[in-house]
Amino acid sequence: MGSRRRGSVGARRRRLTAGVLASALALVGVLGQAVPAQAEVSKEPTPSLPGRAAEAVTGVSGLAPDAGLRPAEGRRTASVPPGTGITLGKPKAGPAPRMVEDPNDPPTCVPYISGQVTRNGTALARVDYLAEIVCNFYLAGAGQAYLIERTGGSRYNGAVIAAAAPFYFSSHYYGYSIGAVLIDGRVYDGGRQLEIGFDLALQTLNGTPWGGCFALPAPQRYLTPCYGLGTSYLSVSIGSGVFSTGLPAYNPAAAIRDIPAIDLLTFHVGGQSDPASTARQNIVDTAAGLPAQTSDFSHVGRTSVNLDLDMLRGILSLHLQNGFNFRVTAIAGSRHGATSRHYVGKAFDVDTVNGARVNSSNPFNQAFKDACRAYGATEVLGPGDDADHATHIHCAWPR
């Protein structure tokens, strides 16, 4: 892997789809089903590839890919190494596959996956990714490149977080799919370890069956078996091997701590003295890997709690994604209702948004509340909701 916003990767959050390769003639999927023998083969069929659905996640944005990642002339079939790749079996009666160059070469297709990571400071990583298929004979094909999350411990581990446009060709020998994303490691829980995936659907033009799937150029690997060997239709998923983007360990509290536009109060609005449980100290402790403290004057007294990751991501996203500047007055500390979610690290209060105090005339109240809900808050209160929240906005995440 070489070392070298706001577009959403998907319209809404959705889990990884199976990436099934399907055609109008029941092209096999990647889930392990066998391909039935075909009754007849059209002269110039084109496999249909519905495409992978990417999970839309905060902090991963689509970009226009760097065209320089792909060789200007594409890959040459002469570069197909002998003894590697995906090969045809014994030809059926009739004309042999039409070769691109030397008619004496064994008909072979070889995938190539490549990418580059470009760091922008300590928190951002741009990832360009490319998948190509080159054959030394004419056929029909379809394919799609995508990014797979491989960071251990990430909630998205194993999910597709970005997908490039698929390609389709008929009576040709080369195709490619290319994409790029920007990963913001402050709000995205992952992106430290990735793999480029490549779904392929290949179909011979004259009914010649596929014979075998052999070694790939290192460090590529097969993610699924080759389905359809012995038939004229073949599908397979291939991976680039896992690579690192160099992003530091996920620590949203450290990012919150270091952003001046997210002002963290260093005292309690009620005037009580308990510096260990102020909003800023809650974040400083969490960034250092320590639990946050509730206040000794609260209903629960002094307790230790872990701040909710979804809430922390929400605080960051309110600034980084929505552009709000705001002051946080309380998180786990201070005094709230007896059963408040503050006491379990799942709520925060804000008394200033975009330089204006929160009250009934602040024009940003509703937008801020709506954004909290969009990031997962299920209890959102502010001016106009009740008397207790006339001067601040309260956002809380589920228990």
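What covers the buried residues of α4? In this predicted model, the answer begins with the helix itself, which spans residues 365-374 and in which Asn365, Phe368, Lys369, Ala371 and Cys372 are buried. These residues cover an arc of only 160° around the axis, and therefore they lie on the same side of α4. What covers them includes the helix α3 (309-320), together with the strands β16 (326-330), β17 (347-353), β19 (379-381) and β20 (393-396). Just after α4, Gly376 takes a positive phi of about 110°.

A second way to read the structure is through its charged side chains. Side chains of opposite charge can pair when their charged atoms come close. The count of such salt bridges comes to 19, and one of them joins the side chains of Arg155 and Asp189, at 4.0 Å from N to O. Because Arg155 lies in the loop between β5 (124-149) and β6 (160-163), while Asp189 lies in the loop between β7 (167-184) and β8 (193-203), the pair ties together parts that are 34 residues apart in sequence. Arg155 is partly exposed, at 34% relative accessibility, whereas Asp189 is buried, at 11%. Both residues also belong to a network of salt bridges that links them with Asp310 and Arg313.

Another salt bridge is formed by Glu195 and Arg221, whose closest N and O atoms are 2.5 Å apart. This pair links distant parts of the chain, with Glu195 in strand β8 and Arg221 in strand β10 (residues 221-222), 26 residues apart. Glu195 is buried, with a relative accessible area of 0%, but Arg221 is partly exposed, at 36%.

Note on methods. Residues numbered from 1 in each chain as written. Predicted model: local features only at pLDDT ≥ 70, side-chain atom pairs only at ≥ 80, totals over all residues. Heavy atoms only, no water. Buried < 20%, exposed > 50% of the residue type's maximum accessible area, 1.4 Å probe, protein only. Helix = DSSP H or I, 4+ residues; strand = E, 2+ residues; numbered from the N terminus. Arc of directions from axis to C-beta. Contact = heavy atoms within 4.5 Å.
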